[in-house]
Amino acid sequence: MKVLLVVVDGMRPDAMVQIPKARELMKKATYTLNGRTVFVSATLPAHMSLFHSVDTERHGTILNSFVPQVRPINGLSEVLKANGKSSAFFHTWELLRDLNRPGSVDFSYFYAAKVVGFERANSIVTDAAIKHISEWHTDFAFLYLANTDTAGHKYGWMSKEYMESMAEAFDNIERIMQTLDNDWSVIIVSDHGGNGRHHGTDSKEDMTIPLMFIGKPFEMGKELETVSIKDVAPTITTLFGIEPDEDWEGKSII
């Protein structure tokens, strides 16, 4: 068993369903269009909750700047490492380094998106992920695609440019999935939505996210009522046959 987790930053479910490649993936997935992120609905707080399976007030990061935990919780990377699983990270936002404690991730690839623009950076990190997992043993891979959030802030959520960035994200998802064998399960999720040119509130547009679970043992075309972003980490440990951390609040969907 191997797992690829893809986060499409700022992806709203009502935008995702307008992308043909996303709709095709939904037919192969256990999915929800009514998932819920955490408040504050911002990138780093949501990722901390995704990887640590607790609300923001528990891990303490409520803005896009890391706050060391007063009562540290083991995150997904630490739990996988403790159970002998190898992890690799591919991202374009440097602050995501704080999702993991030093030594818990075997390989990390960071590309500064501002150098070439976020659209091209998405392709670059996807290329890096494809190359790495084809050449090195990797149990868990995390791929972060940021261009949707950038387009939302610059042009507005649901704008033409935002929708184009959504399609581009699924082009990259298709590329990497075509290289995976049947040992891989794929989880596609957003960290938050957006409204106007912003996010971070408790509005439905900001808080509602899509999630897709593809591959063994997930049913094809099964729609879930709702899933929390906190449920992703325990679902991944269940796939590996590993017990979730005792402090985690989310529940496996399996």
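Two strands pair if DSSP finds at least two bridges between them. Hello everyone, let's start there, with strand S6 and its neighbours. S6 and S7 pair in the antiparallel sense, over four bridges, and Ile-187 stands opposite Phe-213 in S7. With S1 the sense is parallel, over six bridges, and there Lys-2 stands opposite Trp-184 of S6. A word on the labels: helices (H or I, at least four residues) and strands (E, at least two) are DSSP runs, numbered from the N terminus.

Before going on, some housekeeping. This is a predicted model, in which local features need pLDDT of at least 70 and side-chain atom pairs count only at pLDDT 80 or more, while totals for chains, interfaces and linings use all residues. Residues are numbered from 1 along each chain as its sequence is written, and side-chain values use heavy atoms, with hydrogens and water left out.

Now the whole sheet. It is open and has eight strands in the order S4-S3-S5-S1-S6-S7-S2-S8, with mixed pairing. Strand S4 (107-110) and strand S8 (222-223) stand at the edges with a single partner strand each, so one side of each has no neighbour in the sheet. At the S8 end, two bridges join S8 to strand S2 (residues 29-36), and these two run parallel. Thr-30 has Lys-222 as its bridge partner in S8.

Two helices to look at on this sheet are H3 and H11. H3 packs on the sheet and touches S1, strand S3 (87-91), S5 and S6, and its direction makes about 165° with that of S5. H11 packs on the sheet too, touching S1, S5, S6 and S7, with about 160° between its direction and that of S1. Axes here are lines fitted to C-alpha atoms, for helices over the stretch in contact, and angles run from 0 to 180 degrees between N-to-C directions. Touching, or contact, means heavy atoms within 4.5 Å.

Is S6 buried or exposed? Six of the six residues of S6 are buried, so this strand is largely enclosed by the rest of the structure. Buried means under 20% relative accessible area, exposed over 50%, and partly exposed in between (1.4 Å probe, protein chains only). Trp-184, Val-186 and Ile-188 point one way from S6, Ser-185, Ile-187 and Val-189 the other way, and all are buried.

Of its 10 residues, 10 are buried, so H3 is largely enclosed by the rest of the structure. Let me pick out two residues. Thr-43 is in this helix, which spans residues 43-52, and counts as buried at 4% relative accessibility. Which side chain joins that of Thr-43 in a polar contact? The partner is Asp-9, at 3.3 Å. For the cut-offs, a polar contact is a pair of N or O atoms within 3.5 Å; within protein, one must be able to donate a hydrogen and the other to accept it, and residues adjacent in sequence count only if both atoms are side-chain atoms. Leu-44 is also found in H3, and is buried with a relative accessible area of 0%. The C-alpha atoms of Leu-44 and Leu-99 are separated by 8.5 Å, though these residues are 55 residues apart along the chain.

On to the cores. A nonpolar core is a set of buried Ala, Val, Leu, Ile, Met, Phe, Trp, Tyr and Cys residues joined through side-chain atoms within 4.5 Å. The largest one has 38 residues, and those touching the most other members include Leu-5, Leu-50, Phe-51 and Ile-236. Among the elements giving two or more residues to this core are S1, H3, S5 and H11. H3 gives the most, with five residues. Apart from this core lies another, of 36 residues, among them Val-6, Phe-90, Leu-143 and Ala-169.

Next, a helix pair: H8 (residues 147-155) and H9 (residues 160-177) pack at about 175°, with axes 8 Å apart. They are therefore roughly antiparallel, the cut-offs being under 35 degrees for roughly parallel, over 145 for roughly antiparallel, 65 to 115 for roughly perpendicular and oblique for the rest.

Finally, some backbone details to check. Most residues other than glycine have a negative phi, and most peptide bonds are trans. Ser-53, not a glycine, has a positive phi of about 55°, and Met-158 has one of about 75°. The peptide bond from Phe-39 to Val-40 is cis, with omega near 20°, and another cis bond joins Lys-216 and Pro-217, with omega about 0°.
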